[in-house]
Amino acid sequence: MAYITYDDYKYSGLSDIDEKVFNKLLPKAEIALDSKTNYFYKKNDLTSDNPRRKEAFIMALCLTIEQMDQTGIISDVDVLSLQNLSIGSTSLGFKDSANLIQVIPSEGIRLLGSVGLRYSGVAYTRYASKERGL
């Protein structure tokens, strides 16, 4: 089930995008936010959560959809392969794009962090090996 509807996105007041484009970008934006929040709303109910945290998450999702539409960047692969970017009349060229552009915009990252949803842990898997004496 999607976190938001097209009407929710329009209500956010961000740039106007076509409903078809919204429906295409929504699953990608949800994946990006789920991975950044350690799948918080896959384990918890968004509709009954704290209103401030819920609103911050929804706005971060809307900002991510807007950025995806404006830049064409919808995955980390797009970020890594980015050589230059044009938004309106502004054009940027980079050598190391991974440090400059993210799938989730910085405003969205700040919103998630302000309500404790920004997961920055490291996935860890321990394995046994004869070389390590385990």
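Reader: Leaving aside its neighbours within four places in sequence, which residues is Asp-34 in contact with?

Author: Ground rules before anything else: this is a predicted model, local features need pLDDT of at least 70, side-chain atom pairs count only at pLDDT 80 or more, and totals for chains, interfaces and linings use all residues. Residues are numbered from 1 along each chain as its sequence is written, and side-chain values use heavy atoms, with hydrogens and water left out. Asp-34 is found in helix 2 (residues 19-36); helices (H or I, at least four residues) and strands (E, at least two) are DSSP runs, numbered from the N terminus. Taking contact as heavy atoms within 4.5 Å, and skipping those sequence neighbours, the partners of Asp-34 are Tyr-3, Tyr-39 and Lys-42.

Reader: Is Asp-34 buried or exposed?

Author: The cut-offs are under 20% relative accessible area for buried, over 50% for exposed and partly exposed in between, using a 1.4 Å probe and protein chains only. Asp-34 has a relative accessible area of 3%, so the label is buried.

Reader: And which residue forms a salt bridge with Asp-34?

Author: Side chains of opposite charge can pair when their charged atoms come close. Here a salt bridge is a side-chain nitrogen of Lys or Arg within 4 Å of a carboxyl oxygen of Asp or Glu. With the closest N and O atoms 3.7 Å apart, Asp-34 pairs with Lys-42.

Reader: How far apart are the closest N and O atoms of Asp-49 and Arg-53?

Author: Asp-49 counts as buried at 13% relative accessibility, while Arg-53 counts as partly exposed at 24%. They form a salt bridge too, and the closest N and O atoms sit at 2.6 Å.

Reader: Lys-10 and Asp-7 form a salt bridge as well, so where do both lie?

Author: The closest N and O atoms of that pair are 3.7 Å apart. Lys-10 is partly exposed at 44%, whereas Asp-7 is exposed at 53%. The two are three residues apart, about one turn of the helix, and both belong to helix 1 (residues 6-11).

Reader: Now the packing: are helix 4 and helix 6 roughly parallel or antiparallel to each other?

Author: Axes are lines fitted to C-alpha atoms, for helices over the stretch in contact, with angles from 0 to 180 degrees between N-to-C directions. The axes of helix 4 (residues 51-71) and helix 6 (residues 106-114) come within 9 Å and cross at roughly 165°. Under 35 degrees counts as roughly parallel, over 145 as roughly antiparallel, 65 to 115 as roughly perpendicular and the rest as oblique. That's why helix 4 and helix 6 are roughly antiparallel.

Reader: How do the residues of that contact of helix 4 with helix 6 divide?

Author: Helix 4 brings Arg-52, Ala-56, Phe-57, Met-59, Ala-60 and Leu-63, and helix 6 brings Glu-107, Gly-108, Leu-111, Leu-112 and Ser-114. Ala, Val, Leu, Ile, Met, Phe, Trp, Tyr, Cys and Pro count as nonpolar, Asp, Glu, Lys and Arg as charged, and the others, Gly among them, as polar. The contact divides into seven nonpolar, two polar and two charged.

Reader: How far apart in space are Arg-110 and Ala-56, C-alpha to C-alpha?

Author: Arg-110 is found in helix 6 and counts as exposed at 55% relative accessibility. Arg-110 and Ala-56 are 54 residues apart in sequence, and their C-alpha separation in space is 9.3 Å.
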